[in-house]
Amino acid sequence: MDLFAHRGVSAHYPENTIAAFYAASKLPIAGIELDVHVTADGELVVIHDETIDRTSNGTGYVKDLTLQQLRSYDYGSWCAAHFTGERIPTLGDVLELFVATQHRINIELKTDIFPYEGIEALVIKEVAKHQMTERVIISSFNHESLQTVVQMAPYIETAALFAEVLVDFTTYTATIPANAIHVSLPTAFKKSIAFALEKNTPIRVYTVNDVEHAKQLQQLGIHAVFTDDPQALLDGLTEE
Ligand code: G3P
Ligand code: CA
């Protein structure tokens with residue numbers, strides 16, 4: 001079962017920062033997951049929330065601030081004093097870090113609240129610029145956004161994110177059409193996911209930080225999990 005560092009190694013570093021992704025880049029794991037939004041001046045930035053309030057010393061919506069304004073804030077000190085100085089990364093900054101590794105990059109388009117018109121084209125362009133098209137998985141809870149990606153770049157792997165249980169994930173996902181299914185931990189244990197696994201649809205599960213849960217998911221045949229602490233799962237899954 002593959003492991004993806006969720007927002008980087010977010011258990012030990014400030015989430016979605018270069019520090020968290022650099023730590024992940026040194027681990028023997030399948031890949032990383034990150035979240036993207038668009039700034040007021042049309043730049044792609046990596047951050048989870050629509051606002052910078054929770055993970056920086058500033059306030060405001062990403063969509064209302066320019067990249068220069070966003071970079072004036074600190075994205076590390078909220079986590080621990082010794083991370084002071086972390087800046088908000090652009091998508092390009094993170095991709096650059098992984099150009100020389102083998103890791104897969106799961107880019108989540110955070111278009112579920114604000115549509116960020118044109119974000120799909122911007123992401124596809126940035127990925128192509130770094131020649132990482134074959135290593136990227138683009139996911140979103142906004143399946144219309146995913147559909148746009150499929151129409152613009154059908155050669156990029158896409159994954160539909162689900163917060164809820166569907167009775168038939170596979171048939172629904174084929175209507176987008178997306179290549180893979182990303183579900184929450186409780187949903188992973190539902191009958192409908194066992195059914196989707198029988199159809200050989202790639203299934204990845206968020207967010208798995210407990211080794212016992214990871215072992216159960218591995219037994220089920222789940223293809224990958226997103227974890228905040230990849231080293232803990234690496235250790236737990238390989239111990240006798
Ligand atoms: O992509 C999996 C997971 O990250 C989705 O939920 O809220 O952590 O972005 P969230
Ligand atoms: Ca995410």
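What follows is a short exchange on helix packing in this predicted model.

Colleague: Which residues of helix 4 are buried, and within what arc do they fall?

Modeller: Happy to start there. Helix 4 spans residues 119-129, and its buried residues are Ile 119, Glu 120, Val 123, Ile 124, Glu 126 and Val 127. Looking down the axis of helix 4, these buried residues line one face of the helix, because they fall within an arc of 165°.

Colleague: And which exposed residues sit on the face of helix 4 turned away from its buried side?

Modeller: On the buried side, the cover includes strand 2, strand 3, helix 3, strand 4, strand 5 and helix 5. The face turned away from that side carries two exposed residues, Lys 125 and Lys 129.

Colleague: Nice. Which residue just after helix 4 takes a positive phi?

Modeller: The value of phi there is about 55°. The residue that takes it is Gln 131.

Colleague: How are helix 1 and helix 3 oriented to each other?

Modeller: Helix 1 (residues 18-25) packs on helix 3 with the axes 10 Å apart and an angle of about 20°. Angles under 35 degrees count as roughly parallel. Helix 1 and helix 3 are therefore roughly parallel.

Colleague: What is the make-up by class of the contact of helix 1 with helix 3?

Modeller: Helix 1 contributes Ile 18, Phe 21, Tyr 22 and Ser 25, while helix 3 brings Asp 93, Val 94, Leu 97 and Phe 98. Sorted by class, that contact has six nonpolar, one polar and one charged residues.

Colleague: Which residues of helix 4 meet helix 3?

Modeller: The axes of helix 3 and helix 4 come within 10 Å and cross at roughly 30°, so these two helices are roughly parallel. From helix 3, the residues involved are Leu 91, Gly 92 and Leu 95. Their partners in helix 4 are Val 123, Glu 126 and Val 127.

Colleague: Last pair: how do helix 4 and helix 5 lie to each other, and which residues of helix 5 are met by helix 4?

Modeller: Here the axes come within 9 Å and cross at roughly 50°, and helix 4 and helix 5 are therefore oblique to each other. Helix 4 passes helix 5 in a right-handed crossing. From helix 4, Glu 120, Ala 121 and Ile 124 take part, and in helix 5 they meet Ser 145, Thr 148, Val 149 and Met 152.

Technical notes:
Residues are numbered from 1 along each chain as its sequence is written. Chains are lettered from A and ligands numbered from 1 in the order in which they are written. This is a predicted model: local features need pLDDT of at least 70, side-chain atom pairs count only at pLDDT 80 or more; totals for chains, interfaces and linings use all residues. Side-chain values use heavy atoms; hydrogens and water are left out. Buried means under 20% relative accessible area, exposed over 50%, partly exposed in between (1.4 Å probe, protein chains only). Helices (H or I, at least four residues) and strands (E, at least two) are DSSP runs, numbered from the N terminus. The arc is that of the directions from the helix axis to the C-beta atoms. Contact means heavy atoms within 4.5 Å. Axes are lines fitted to C-alpha atoms, for helices over the stretch in contact, and angles run from 0 to 180 degrees between N-to-C directions. Angles under 35 degrees count as roughly parallel, over 145 as roughly antiparallel, 65 to 115 as roughly perpendicular and the rest as oblique. Ala, Val, Leu, Ile, Met, Phe, Trp, Tyr, Cys and Pro count as nonpolar, Asp, Glu, Lys and Arg as charged, and the others, Gly among them, as polar. A crossing is left-handed if the near helix is turned anticlockwise from the far one by less than a right angle, and right-handed if clockwise.
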